[in-house]
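Q: Could you walk me through how aromatic contacts and surface patches are read from a model?

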Amino acid sequence: MIRYANVIALKPEKEAEYRELHRAVWPTVLAKIAECNIRNYSIFLNDSLLFAYFEYHGEDFEADSAKVAADPETQSWWKLTDPCQEPVGNATPGQWWVTMEEVFHVD
């Protein structure tokens, strides 16, 4: 299992919309996440910063990520959520969610 943490900015004027969308995430989107070996997925909000955490239990993260990205239902979901977000300042060109480095962990 590999832990992932990512960060992105939430547009302040889109907070209510983003919260509402996540009160009822589409079952097809959740099923695709599970099918692609992602578990224990959470998104946290602090001020205008979204922090996502999940655990990957598969063998090929890139291939599973590509499956998620190719899914038509997930693409439709992202058309609703993406306008609510914007990359943080240290994102590279074309990067959306920025992966964070784990600096401490204890079980």
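**Reading the aromatic rings and a surface patch**

A: In this predicted model, one aromatic cluster is formed by Tyr-4, Tyr-41, Phe-54, Tyr-56 and Phe-61.

Q: How many aromatic pairs does the structure hold?

A: A pair of aromatic rings is described by the distance of the centres and the angle of the planes. The structure holds seven such pairs. One of them joins Tyr-4 and Phe-54, whose ring centres lie 5.2 Å apart with the planes at 15 degrees, so this pair is stacked. It links distant parts of the chain, since Tyr-4 belongs to strand β1 (residues 2–10) and Phe-54 to strand β3 (residues 49–56), 50 residues apart.

Q: Are Tyr-4 and Phe-54 buried or exposed?

A: Both Tyr-4 and Phe-54 are buried; for Phe-54 the relative accessibility is 7%, and because buried means under 20%, Phe-54 falls in that class.

Q: What is the geometry of the pair Tyr-41 and Phe-54?

A: The ring centres of Tyr-41 and Phe-54 are 5.5 Å apart and their planes stand at 65 degrees, so this pair is edge-to-face. Here too distant parts of the chain are linked, with Tyr-41 in strand β2 (residues 38–46) and Phe-54 in strand β3, 13 residues apart. Tyr-41 has 39% relative accessibility and therefore counts as partly exposed.

Q: Which residues form a nonpolar patch on the surface?

A: The patch consists of Val-103, Phe-104 and Val-106, which together have about 390 Å² of accessible area. Val-103 is placed in the segment after β5 (98–99), and at 73% relative accessibility Val-103 counts as exposed.

Key: Residues are numbered from 1 along each chain as its sequence is written. This is a predicted model: local features need pLDDT of at least 70, side-chain atom pairs count only at pLDDT 80 or more; totals for chains, interfaces and linings use all residues. Side-chain values use heavy atoms; hydrogens and water are left out. Patches are made of residues with over 30% relative accessible area and no salt bridge: like charges are joined within 9 Å, nonpolar side chains (Val, Leu, Ile, Met, Phe, Trp, Tyr) within 5 Å. Accessible areas come from the Shrake-Rupley method with a 1.4 Å probe; for residues, only the protein chains shown count as cover. A salt bridge is a side-chain nitrogen of Lys or Arg within 4 Å of a carboxyl oxygen of Asp or Glu. Helices (H or I, at least four residues) and strands (E, at least two) are DSSP runs, numbered from the N terminus. Buried means under 20% relative accessible area, exposed over 50%, partly exposed in between (1.4 Å probe, protein chains only). Rings of Phe, Tyr and Trp (its six-membered ring) pair if their centres lie within 6.5 Å; planes under 30 degrees apart count as stacked, over 60 as edge-to-face and the rest as tilted.
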